[in-house]
Amino acid sequence: MTFKYTAGIMLAFMAVAGNGYAQSSSGASASKYDYHETFGPLFYTKNGNEYRAASGEPGPQYWQNRADYQLSAHLNDQTNEVTGTEVLTYTNNSPQKLGFIWMQLDQNLFKQDSRGSAIVPITGSRNGGHGQAFDAGYKIKSVRLVGSDTELKYMINDTRMQVWLPKEVTPAGGQVKLKIEFSFVSPDYGSDRTGVLTTKNGKIFTIAQWYPRVCVFDDVTGWNVLPYTGPGEFYLEYGDFDLSITAPANHIVVASGELLNPTEVYTAEQQKRWAQAAQSDATVIIRSAKEVTDAASRPAGKKELTWKFRIKNARDASWGSSPAFIVDAAKMNLPSGKKSIAISAYPVESDGSDAWSRSTEYVKKSIEHYSAKWFEYPYPAATAVAGIVSGMEYPGIVFCGYRAKKGSLWGVNDHEFGHTWFPMIVGSNERLYGWMDEGFNTFINTLSTAEFNNGEYAPKRASDMQRIGEMVTRPDIETILSAPANLKEKNTGTLLYFKPGFGLTLLREQILGKERFDKAFRTYVERWAFKHPTPDDFFRTMENVGGESLQWFWRGWFINNWRLDVGVSNVSYVSNDPSKGALITLDNNDKMVMPVILDIKLKSGKVDRVKLPVEIWERNASFVYKYPSTEEIESVTYDPDKVLPDYNSDNNTWKGSADKTK
């Protein structure tokens, strides 16, 4: 999801940090640093087990349940009502019998009496339905076993539904099939994730969280039943989806996965253009702006058309529908040679050479980059939809703000499709650990943006990590590991997106190095592809594959909100003779540690770069480094390139005459 209508999240934050954000000018007094706390040995509270190994990979008995869906929906574009039927095939791979199933009813968030509505502050929020009064929430018409006319007993509580089964689902592969009939009215603005936009050529429906979704039952919590209140996103099982969407015949429908019946829903000319697009690196127009108001651009003879889609091994499915869509597409080149296509659907209001007419180019290049670097894109299509939603991701389809253009459109498309890797491929629990998808994705966005079109939208200047450090370690913010619902909304961008993203940049650039980091990060993706990792699984993988104990880093940056403040407090010479060596005193004044980078400038003008490992702080709050000087030192500067998050720069440079030593 894009934070506060902003694309290029981390890059924008870096730009702000590089343009004069106010820093603290207060010097440090007594050191707050405790090396026993920072480098303590008891970081992990649990040993590895048969489900999750101590090395960070799935254990030999790892299991997860499966949810396959057959979904059909009918859209009434006059009343904004979606009427649907769901057939859920639920497979219990756990070692336990299950006598009931919990399901998510996310549309109930938009009821006036929902928990999510109750917690919206009077100052407003991006969450909830923005005060819209309408017939909100699900109407569950029936819940049955497939093949039975007997209604199952169920209980609805806010955004959850518990369904009691007449017979327990057996462990290790037992199945149950439920048929659920439902309907709901779409909100105009649904927590910036779903909604309806009115354009001059008709409504654009971006439909998400639209069917009852089974909750995850896992080895960590059992049933994950936290209510949907808006701030936290989703945690879902994997399975195959078959979709049938019936909409007015003048609509074009786009959805997760592959369109199965193009001959029934596109004209003969449009089918030829699709075939051309599937072979073209350049964007091919499927339905032009001029054709939007031309009845001949839609198949004739029917009032409604049914669109059929399929996506496999996915955790969700969503769709968009509108008579206003311009549609274009181009092929994507995946490492294995598998076929996939980039698609964009947008209204004439979004058209233009600096706007959505470049969307497919952005989608294509973004996905090709991530596929080559981390893990191949797994779906047959990737569709970007312009609508009321500023930025939200689903398997094979994303919703982005229709007003976005230039760098902001690249940023939002790149960010939302970056979510294919986190959490669509690596299926972490967004409801609890939003940083494991938003932060990881923010990080990989910086790499894709640097590469796209030779850095067309990359920052024009290097970021100032000292200023960033001041911002993201402010004492008034919570920790990264806080659940999204436990964060002040004003801190969401910092703690879900920016700070974990910067943390991975620090880990890659300053601690592990690019080669070790990339190997470990790629291994994490491969190990947990289409599975459910926890924070410990990530931490352990990075340590085991990277070959480095990083517990000091996890403690300081992720578990706690510690600050970094290292100062150069003194320089002296051995026997008062610069030719015998200089003693440089470094003080760690706050609770966080990092490796040390020094620029030592000599009287002759020569500058020597020195790097010291983080272990100098393993048993010291103050460390004296003996530099093999041959002449007097003019200055010593800590973190000269401003690549470390040291929030107090006042003590970073020593200048002047060296103290005498005995």
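About 30 Å³ of space lies in the largest cavity of this predicted model, where a cavity is a set of points on a 1 Å grid over the protein atoms alone at which a 1.4 Å probe fits but cannot get out, and where the volume is the space filled by probe spheres set on those points, which are joined across faces, edges and corners. Because the model is predicted, local features need pLDDT of at least 70 and side-chain atom pairs count only at pLDDT 80 or more, while totals for chains, interfaces and linings use all residues. Residues are numbered from 1 along each chain as its sequence is written, and side-chain values use heavy atoms, with hydrogens and water left out.

Searching the whole structure gives one cavity of 30 Å³ or more. Its lining, meaning residues with an atom within 4 Å of a point, consists of R213, F234, L236, R315, D316, M392, E393, Y394, P395 and M424. Strand β23 (residues 391-394) supplies the largest share of that lining, three residues, a strand being a DSSP run of E of at least two residues, numbered from the N terminus. Domain 2 (63-237) and domain 3 (267-302 + 325-426) each give at least three lining residues, with domain bounds coming from an automatic or database domain assignment.

Turning to the domains, the centres of domain 2 and domain 4, taken over C-alpha atoms, are separated by 57 Å, and domain 4 covers 563-655 in the assignment.

Methods:
On a 1 Å grid over the protein atoms alone, a cavity is a set of points where a 1.4 Å probe fits but cannot get out, and a pocket is an open set with protein on both sides within 12 Å along at least five of seven lines; lining residues have an atom within 4 Å of a point. Helices (H or I, at least four residues) and strands (E, at least two) are DSSP runs, numbered from the N terminus.
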